[in-house]
Amino acid sequence: LISVILPVHGKTPWLEEALDSLVLQSHDNLEFVIVTDRPSSSAAKTISRFASRESRAVVVNSPRIGLAAALNTGISIAHGDFLARMDADDVMATRRLEIQEKYFRDAPSLQVLGCQADYINEAGSMIGVSALPTRHDHIAFSLLWANPMIHPGLLMRRELFEDRFNY
């Protein structure tokens, strides 16, 4: 099971597209943990409609806690062996989770896996592609100056958070 942790705060004009991209995933063993922190009324309605038609959705209302606490709340109620991150303004590629989970199955020591991303504008047109490092040594070196991973593109083993880390 992969638990997708999706924090939602304030106005989120791309939320419906983000939720639709979750449902369209080729990997079907998923749960969607949506943690709201003062969503706009339109975002709250979108989430309510989504949860009423999607049995894999779990919605937690946690007002005024901030992003890190919202992520920790989501992790604490998630059931998956793997945790995926997504933001309310992201659209997930249809095979992303299927491909990432296969990497984990093939590499049992792997703890965190990221991905590249297409950048789109407000009209939905692609305006660029990320060029993040893909080799472990390049990623480790890049961490000296910046985070070389797109946080909403990460898939992580749950045990990483149980044993060592929190947001």
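The second largest pocket is lined by Pro7, Val8, His9, Val35, Asp37, Arg38, Gly66, Leu67, Ala70, Asp87 and Ala88. Strand E1 (2-10), strand E2 (30-39) and helix H3 (66-77) each give two or more residues to this lining. The space inside is about 160 Å³. Its lining residues divide into six nonpolar, two polar and three charged.

This is a predicted model: local features need pLDDT of at least 70, side-chain atom pairs count only at pLDDT 80 or more, and totals for chains, interfaces and linings use all residues. Residues are numbered from 1 along each chain as its sequence is written, and side-chain values use heavy atoms, with hydrogens and water left out.

Some terms need their cut-offs. A pocket is an open set of points on a 1 Å grid over the protein atoms alone, where a 1.4 Å probe fits and protein lies on both sides within 12 Å along at least five of seven lines; lining residues have an atom within 4 Å of a point. Volume is the space filled by probe spheres set on the points, which are joined across faces, edges and corners. Helices (H or I, at least four residues) and strands (E, at least two) are DSSP runs, numbered from the N terminus. Ala, Val, Leu, Ile, Met, Phe, Trp, Tyr, Cys and Pro count as nonpolar, Asp, Glu, Lys and Arg as charged, and the others, Gly among them, as polar.

Now turn to the largest pocket. Its volume is about 1,500 Å³. It has 44 lining residues, and Gly114, Cys115, Gln116, Ile150 and Gly153 are the closest to its centre. Helix H4 (96-106), strand E5 (112-113), strand E6 (118-120) and helix H5 (136-142) each supply at least two lining residues. H4 gives the largest share, four residues. By class, the lining holds 28 nonpolar, nine polar and seven charged residues.

How many aromatic pairs are there? The count is three. Rings of Phe, Tyr and Trp (its six-membered ring) pair if their centres lie within 6.5 Å; planes under 30 degrees apart are stacked, over 60 edge-to-face, the rest tilted. Phe82 and Phe104 make a tilted pair, 5.0 Å centre to centre with 55° between the planes. Phe82 sits in strand E4 (residues 82-85) and Phe104 in helix H4, so the pair ties together parts 22 residues apart in sequence. Both Phe82 and Phe104 are buried (under 20% relative accessible area with a 1.4 Å probe, protein chains only; exposed is over 50%, partly exposed in between).

Phe141 and Trp145 form another pair. Their ring centres are 4.7 Å apart and their planes lie at 65°, so this pair is edge-to-face. Phe141 counts as exposed because its relative accessibility is 53%. Trp145, at 63%, also counts as exposed.
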